[in-house]
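Me: Hi! Could you walk me through this structure in plain words?
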Amino acid sequence: MEASFEALITSYIENKIGIADHFLSDDLCYHLKMNLLALNEDQQMKKAGVGNDGKMIHDDLIRNDKIYWLDKAHNNIYENEFFAKIDAFVLYLNESCYTNIKGYEFHYSLYEPGSFYRPHFDQFEDDSKRQYSMISYLNPHWKAADGGELLIHQKPNNHSISPMQGKTIFFKSDELEHEVLVTNERRFSVTGWLKRG
């Protein structure tokens, strides 16, 4: 477990983008994806918005994915396994990097073919609680032709990251503008933020 934690932290320190290719096991990815699909079938996945609280808007020209917020109160065995992994990572991160993370929030994300999310930052202008963004992908056998890359805008060169199953990405929420390029296949992830305060 610590090897994947170190991979995220070391690569983050090197270039401000943490990447661990096997942060989540294939078995956990499969079951989380099955949960997501069941929620979608049951009409529980909702159109994602932009902004927070009373400032939230829904604009298909900015993003057109669907989300469902995870909650420990749901007491889903596989989501609890995911939360246990995040709890362990937060403890490791706080002890090794003194980040003072106090909590987190995560949601399932589903991009249907043709979906995208235009360039954006993850920290709200009027709320700085989100410190680090984390994205864990649930897509087995993803190919270059499937699209849906995470494009991180970083000088001098942008970084294009394929959403391969098990891979987790980690970066500061207020530092790196990023986008999800148009996907040609269904694209699944668990996306969230580590928070202070």
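Reply: Happy to. One term before we start: a polar contact is a pair of N or O atoms within 3.5 Å; within protein, one must be able to donate a hydrogen and the other to accept it, and residues adjacent in sequence count only if both atoms are side-chain atoms. Helices (H or I, at least four residues) and strands (E, at least two) are DSSP runs, numbered from the N terminus. This is a predicted model, where local features need pLDDT of at least 70, side-chain atom pairs count only at pLDDT 80 or more, and totals for chains, interfaces and linings use all residues. Residues are numbered from 1 along each chain as its sequence is written, and side-chain values use heavy atoms, with hydrogens and water left out.

Me: Thanks! What does Asn-76 do at the start of helix 3?
Reply: A side-chain oxygen of Asn-76 comes to within 2.9 Å of the backbone nitrogen of Tyr-78.

Me: And how far apart are the end C-alpha atoms of helix 3?
Reply: They are 30 Å apart, which agrees with the 30 Å that its 21 residues (77-97) should span at 1.5 Å a residue. The expected span is 1.5 Å times one less than the number of residues. Just after helix 3, Tyr-98 takes a positive phi of about 55 degrees.

Me: Which residues of helix 3 are buried?
Reply: Glu-79, Phe-82, Phe-83, Lys-85, Ile-86, Phe-89, Val-90, Tyr-92 and Leu-93. Buried means under 20% relative accessible area, exposed over 50%, and partly exposed in between (1.4 Å probe, protein chains only).

Me: What covers them?
Reply: The cover includes helix 1 (2-15), helix 2 (26-41) and several strands, among them strand 4 (103-111) and strand 11 (187-195).

Me: How many bridges join strand 6 to strand 11?
Reply: There are 7, and the two strands run antiparallel.

Me: Switching to Thr-191: why does it count as buried?
Reply: Because its relative accessibility is 13%. Thr-191 lies in strand 11, and a polar contact of 3.2 Å joins its side chain to that of Ser-189.

Me: What about the largest nonpolar core, how many residues has it?
Reply: It has 33, and those with the most contacts inside it include Phe-82, Phe-89 and Met-134. Helix 3 gives the most to this core, with 7 residues. A nonpolar core is a set of buried Ala, Val, Leu, Ile, Met, Phe, Trp, Tyr and Cys residues joined through side-chain atoms within 4.5 Å.

Me: What does Phe-89 touch?
Reply: Not counting residues up to four places away in sequence, Phe-89 touches Phe-5, Leu-8, Ile-9, Phe-23, Met-134, Phe-170 and Leu-194. Contact means heavy atoms within 4.5 Å.

Me: Last one: what is the order in the sheet of 4 strands?
Reply: The order is 5-10-7-8, an open sheet with antiparallel pairing. Its edge strands are strand 5 (117-120) and strand 8 (159-161).

Key
Two strands pair if DSSP finds at least two bridges between them.
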